[in-house]
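Student: I have a new model open and I'd like to learn how to read it. Could you walk me through it, feature by feature?

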Amino acid sequence: MGDFTVLRGQEVFGAPLSLPLLRYEVPFLPTLEASAPPGGPVERGTYETLKAEYLERLRQLLPLDGVYLAMHGALSVEGMDDAEGDWYAATRSVVGPDCLLSAYYDLHGNLSRRAVDTLDALSAYRTAPHVDRVENVMRAADMLTHCLRYGLRPGIVWASIPALLPGEQSSTEWEPGRRLWADLSEYNRLPGILDVSQLVGYVWADEPRAAASVVVTGTDAGAQKRVATELAGRYWAARHEFRFGSPTGTIEECLSRAMGLKTHPVVISDSGDNPGGGGNSDQTFFLQALLKAGTRDVLLGGMTDRPATDACYRAGVGGQLPLSIGATLDSVMCRPVHVKKAVVKHLTAVTRPEDGEAVVEFDGITATLSARRRLYHAAEAFRDIGVDPAQFRIVVLKCGYLHPTMKALASPALMALSPGAIDQDIVHIGNHRRRPTWPWVADLAYEPAPYVSARFGRR
Ligand SMILES: [Zn+2]
């Protein structure tokens with residue numbers, strides 16, 4: 001529970017992604033928003049506690065015409081294979097059969113038959129990196145308000161595609177992602193089609209539902225099936241074309257290449273430990289390599305370590321101290337690095353120690369430390385703490401494909417295929433509980449067979 005930021009009632013409208021809802025004439029009534037950086041399964045008790053509070057708040061708002069659900073789609077909960085499906089079924093049991101449910105999704109979400117049979121509308125991001133968040137809020141909210149105003153009953157048609165990708169290959173900034181997502185909005189012009197989404201799915205939770213999807217919301221199941229069939233076939237045919245967007249190598253290969261370059265900053269992604277995808281953000285493989293190679297003029301962004309961060313606050317800015325860095329969340333996969341003398345350069349003013357962040361220097365390395373997992377992907381995340389990434393020779397990020405602000409600085413960008421919770425070499429991590437899926441089954445045969453939501457039967 002400590003990893004979640006929970007907003008209740010009107011606080012929900014303080015979150016940037018809820019603000020667009022206030023633009024509608026229809027009143028949106030807030031319930032609860034719980035968000036956290038992705039990383040491992042959510043404890044069952046945490047999930048049940050949040051769900052119970054949400055349902056109670058929902059009950060107090062009855063009767064309702066519609067529910068807007070801001071979801072990701074890859075929530076993994078201990079002992080559950082389909083947490084979102086459970087959430088929607090619980091929602092439906094409170095609001096009744098006639099209320100419309102419209103969900104906002106990440107492009108890296110998974111779907112299930114239960115989710116499709118419970119929701120009435122769904123829209124997912126059409127960009128990775130996700131720069132269309134506000135548009136996605138409005139696509140989901142537009143469908144809901146439009147259908148309520150004109151008395152339409154929309155439904156979902158879903159084509160599950162048994163193909164999964166390492167997340168860092170799913171960018172829409174290069175091919176084939178660029179063309180596969182670019183024209184989705186064109187389909188909205190067809191009669192009976194309200195929205196078209198295409199999801200790559202989430203590969204690192206080994207759940208039966210993990211798969212890519214095409215989701216078509218509309219009022220004409222036949223037209224929706226034709227679109228879903230066409231797009232699912234197109235995605236499947238392109239599956240061999242997905243690539244990483246920058247040169248890749250092992251940590252050592254990327255580091256030695258960077259050290260040989262005259263340009264700066266060379267930005268290297270430590271992709272297996274990216275908290276944006278579910279990594280711990282506390283692995284030390286890259287730090288060990290930097291110290292071993294004696295690399296100087298390096299910015300290492302995004303080490304999570306509560307004890308080390310707390311120690312920096314005790315020492316104060318300008319203080320010098322020995323530090324053990326990393327491997328506090330996962331001490332099985334890697335070991336901590338012991339630094340003899342680190343100098344504290346910056347401490348962010350915080351009211352709760354769990355929000356703490358520090359900048360330290362040791363052995364030619366400037367590193368950010370944070371008490372809990374957080375993303376240091378955008379250039380602003382560093383400038384906010386007095387660090388200018390452009391000034392360093394090498395910048396190492398707990399990141400995958402780069403945020404636009406960091407991409408603009410990178411000269412050049414490299415991606416280390418490092419070990420970690422979100423190892424990009426998905427074939428070798430194995431497939432145990434997912435259905436037969438490409439690439440684990442290299443010669444898998446597939447014909448799109450769109451599934452029509454049971455909600456259509458109510459129209
Ligand atoms: Zn995503």
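Tutor: All six of the six residues of strand β4 (residues 100–105) are buried, so β4 is largely enclosed by the rest of the structure. A residue is called buried if 20 or more other C-beta atoms lie within 10 Å of its own, exposed if 12 or fewer, and partly exposed in between, with C-beta atoms placed from the backbone. Helices (H or I, at least four residues) and strands (E, at least two) are DSSP runs, numbered from the N terminus.

Student: Before we go on, what kind of model is this, and how are residues numbered?

Tutor: Residues are numbered from 1 along each chain as its sequence is written. The model is predicted: local features need pLDDT of at least 70, side-chain atom pairs count only at pLDDT 80 or more, and totals for chains, interfaces and linings use all residues.

Student: Back to β4, then. Which residues point one way, and which the other?

Tutor: L100, S102 and Y104 point one way, while L101, A103 and Y105 point the other way. Residues on both sides are buried.

Student: How do I read the pairing of β4 with strand β3?

Tutor: Two strands pair if DSSP finds at least two bridges between them. Here β3 (residues 66–70) and β4 pair in the parallel sense over five bridges, and L69 stands opposite A103 in β4. To get from β3 to β4, the chain goes through helix α2 (residues 83–95), in a right-handed β-α-β crossover. Right-handed is used if, with the strands pointing away from the viewer, the path from the first strand over the helix to the second runs clockwise.

Student: And how does β4 pair with strand β5?

Tutor: That pairing, with β5 (residues 121–124), is in the parallel sense over four bridges. Y104 has S123 in β5 as its bridge partner. Another right-handed β-α-β unit is made by β4, helix α3 (residues 113–118) and β5.

Student: Now let me zoom out. Into which domains is the chain divided?

Tutor: Domain bounds come from an automatic or database domain assignment. Here they give domain 1 (5–243 + 447–458) and domain 2 (248–423). Their C-alpha centres lie 33 Å apart. Eight residues from domain 1 and 16 residues from domain 2 take part in the contact, where two residues count as in contact if their C-beta atoms, placed from the backbone, lie within 7 Å.

Student: What does UniProt list for residues 268–432?

Tutor: The unreviewed entry lists "domain: Microcystin LR degradation protein MlrC C-terminal" there. UniProt positions are given in the numbering used here, feature names are shortened, and annotations may be inferred rather than shown by experiment. That span is 19% helix and 28% strand, with its end C-alpha atoms 31 Å apart. Over residues 24–259 the chain is 36% helix and 18% strand.

Student: What is the strand order in the open sheet of nine strands?

Tutor: The order is β9-β17-β10-β16-β11-β15-β14-β13-β12, with mixed pairing. β9 (248–249) and β12 (320–325) stand at the edges, each with a single partner strand, so one side of each is left without a neighbour in the sheet. Within the sheet, β11 (residues 298–304) and β15 (residues 365–370) pair in the parallel sense over five bridges, with M303 opposite L369 in β15.

Student: What should I look for in the backbone angles?

Tutor: Most residues other than glycine have a negative phi, and most peptide bonds are trans. In this model, a cis peptide bond joins H264 and P265, with omega about -5 degrees. P265 sits in the loop between α7 (251–259) and β10 (266–270). Another cis peptide bond joins W438 and P439, with omega about 10 degrees.

Student: Which phi does A327 have, and where is A327 placed?

Tutor: Its phi is near 60 degrees, a positive value in a residue other than glycine. A327 lies in the loop between β12 and β13 (337–347), and it counts as partly exposed because it has 18 C-beta neighbours inside 10 Å. D363 is not a glycine either, yet has a positive phi of about 45 degrees. The place of D363 is the loop between β14 (357–362) and β15.
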